[in-house]
Amino acid sequence: MGKCIFCDYKNDKKGKFLFENQLCVCIEQPEPVLVGSCIIIPKAHRVTVFDLTSEEWAATKQLIDRAKQYLDAKYQPDGYNIGWNCGDAGGQDVFHAHLHIIPRHADEPFARRGIRSWIKREDNRRPNKN
C-alpha cells in the first residue's frame with residue numbers, strides 16, 4: 001500500500017487546515033467541491049468509520065460542532081449534508097476514514113437533493129437476482 005494522504009495531513013497543501021483536537025483534524029477542502037466543504041479525519045489510520053474508537057467518535061463530534069460554528073459564521077449556509085463513504089461500492093476513494101461536512105445553499109442547482117434522492121431512485125435498484 002502506498003502512503004496514505006490523510007495520514008500525511010500536515011503536509012497536505014491542497015486543503016486549508018482549520019483546527020484539531022487530540023485525535024482528529026478538520027480541513028476545509030479546495031474547489032472544485034462545494035465552497036466551504038470540509039472533512040474531519042482521525043489522526044490514527046482507520047479505514048472506515050466502523051473502525052473508529054469511542055474516543056475518536058467523541059473527538060469527531062467535538063470537531064463537528066466546531067466546524068458548524070465556523071461554517072455558519074463564514075458562509076451562512078441554509079443546510080448541510082454530512083456523511084461517511086465506506087468501501088469502494090459506498091464511494092470511498094481514500095481508504096482512511098473521513099467525515100464530509102458540506103454546507104448547502106438554497107440557490108444551488110442541486111439544493112434539496114439530500115442523500116435520500118439517490119436512495120429512492122428506481123433506476124438505482126439492484127438487478128433482480130431471482
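Trainee: Which residues does Y9 touch, leaving out those up to four places away in sequence?
Mentor: Y9 touches F17, E20, V25, I27 and K43. Contact here means heavy atoms within 4.5 Å. This is a predicted model, where local features need pLDDT of at least 70, side-chain atom pairs count only at pLDDT 80 or more, and totals for chains, interfaces and linings use all residues. Residues are numbered from 1 along each chain as its sequence is written, and side-chain values use heavy atoms, with hydrogens and water left out.

Trainee: Where does Y9 sit?
Mentor: Y9 is in the segment before β1 (16–20). Strands (E, at least two residues) and helices (H or I, at least four) are DSSP runs, numbered from the N terminus.

Trainee: Is Y9 buried or exposed?
Mentor: Y9 is buried, because its relative accessible area is 9%. Buried means under 20%, exposed over 50%, and partly exposed in between, with a 1.4 Å probe and protein chains only.

Trainee: New topic. Where is H96?
Mentor: H96 is in the loop between β4 (79–84) and β5 (99–104). H96 is buried too, with a relative accessible area of 0%.

Trainee: Which side chain makes a polar contact with H96's?
Mentor: That of H45, at 3.1 Å. A polar contact is a pair of N or O atoms within 3.5 Å; within protein, one must be able to donate a hydrogen and the other to accept it, and residues adjacent in sequence count only if both atoms are side-chain atoms. Beyond four places in sequence, H96 also contacts others, including C4, F6 and R46.

Trainee: On to α1. What span should it have?
Mentor: The 22 residues of α1 should span 32 Å at 1.5 Å a residue. The rule is 1.5 Å times one less than the number of residues. The end C-alpha atoms of α1 are 31 Å apart, which agrees.

Trainee: Which residues of α1 are buried?
Mentor: E56, A59, T60, L63, A67, L71 and Y75. They lie on the same side of α1, because they cover an arc of only 100 degrees around the axis. The arc is that of the directions from the helix axis to the C-beta atoms. On the other side of α1, S54, Q69 and A73 are exposed.

Trainee: What covers the buried ones?
Mentor: The cover includes β1, β2, β3, β4 and β5.

Trainee: How many residues are in the largest nonpolar core?
Mentor: It has 13. Such a core is a set of buried Ala, Val, Leu, Ile, Met, Phe, Trp, Tyr and Cys residues joined through side-chain atoms within 4.5 Å. The largest share, five residues, comes from α1.
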